[in-house]
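Thanks for making the time, everyone. I would like to walk you through one structure this morning, so please have a look at it before I start.

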Amino acid sequence: MVTSVPHVEFRGVTVVVVGAGIAGLACARELVAAGVPTRVLERANVVGGRLASVTRAGRPVDVGAAYVTADDPSFQGRLQSWRIAGLVHPWTDTFRGQHGSAPMRWSAPRGLRSLAQDLADGLDVTLGAEVTELPEADAVVLAMPGPAALRLADLPEAREQSWSPVLTAVLTYPRRSWPDFAGAFVNDHPVLATLCDDGDRRGDRAPVLVAHSTANYFKEFEYGGEAALARAAGELLGITDEPTVELFRWPLAQPRTGRDGFARRGNVYLCGDAFGRPRVQTAWLSGRAVARDIVKELTGRP
C-alpha cells in the first residue's frame, strides 16, 4: 500500500530505503520477500524517479527514461512478467542514427512510471517525505544519484560519480506530418541529443514528440530556449507546424558508467544506475544486490 504521510517514525524499522525510483523499489521488494521489515521514503508525491510519466490530454507521456532494455536473465524475466501483465510491450530495435545492432527497446502503454507503481504495490512507501538526515535503522539504503546522497552521508563512492543534465521537451503538434519513425539519436547536434515519437512508442499515433537535449545545452539554457528544441526537431523531420512545448529539467539525468553493484560504508548503502552501464536494468540489479547483502548481514542467510 502506498501512503502519503508528512511525518515519519523510524523506531523499530529494520531497513529504511530513501528513494522510490526503480533501484529503491527493487531493493525494498527483495527485502520484504525475505521477511525483512522495510520502509521506503520518497520526497516526491509519486514513485518512479526518472521512470517519469505525465498525463496530458488523457494519455501518458514519458518524460524521463525513454524505454527499457534487458540483457540480464533475471531482468529479462522481470520484463516478461510485466509483459504478461500488460504493462510493457516490445517497441523497436532501430533508432535513426544508431551505430550497429541494438537490443529490443520496450515501452509501457501506461507510461514507464506504471512499472514503478507495480513494484511499489504492497510496500510500505511514504510519499512527500523530505529526508534531511540519515534515519536510525539497522540499514539505510540511499537509492539516488551520488550528488543527492552526499546531502545525507559523506560517501567516497558518491563523490566519484559524474552526472550529466538533460532538458526534456514534450512537443505536441496539431497533426502528424512527419515520416514514420520510432526514435533518433541526433549525433553531434549542439542542442538535440535524442528524439522519440511518443505516438509510435505508445501505439496510438498521437502527434507528440519527446526531445532530449544535450548536456551542454542544458548548461547554457536560458528562459525561452525551449524553442530551440522544437526548432531542431522540426528541422530534423521536416515539420512546419508549430508545437506547444512543455519542458522538464533533469539536473542529474545520465551517470557515466561506474563500478558494478553498489557501495557500502557501515550500515549505509548507495545504489542506482550509476553502478554499471546507465539504464533501468542497472538500477534494478543494483537495488536487488543491496537487498541480498542486507539479508545476508541481518539474517546470516545468503
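**Cysteines, a helix pair and one valine**

Let me begin with the cysteines: a search of the whole structure finds zero disulfides, a disulfide being a pair of cysteine sulfur atoms within 2.5 Å. Please keep in mind that this is a predicted model, in which local features need pLDDT of at least 70 and side-chain atom pairs count only at pLDDT 80 or more, while totals for chains, interfaces and linings use all residues. Residues are numbered from 1 along each chain as its sequence is written, and side-chain values use heavy atoms, with hydrogens and water left out.

C271 has 1% relative accessibility and counts as buried, which means under 20% relative accessible area, with exposed being over 50% and partly exposed in between, for a 1.4 Å probe and protein chains only. C196, at 0%, is buried too.

Turning to the helices, α1 (residues 22-33) and α3 (residues 113-120) pack at an angle of about 25 degrees, their axes 9 Å apart. In their contact, where heavy atoms lie within 4.5 Å, I22, L25, A26 and R29 of α1 meet A116, D118, L119 and A120 of α3.

Finally, V245 sits in strand β14 (residues 244-255) and is partly exposed, with a relative accessible area of 33%. Leaving aside residues up to four places away in sequence, V245 touches A169, V170, L171, E226 and A230.

Methods. Axes are lines fitted to C-alpha atoms, for helices over the stretch in contact, and angles run from 0 to 180 degrees between N-to-C directions. Helices (H or I, at least four residues) and strands (E, at least two) are DSSP runs, numbered from the N terminus.
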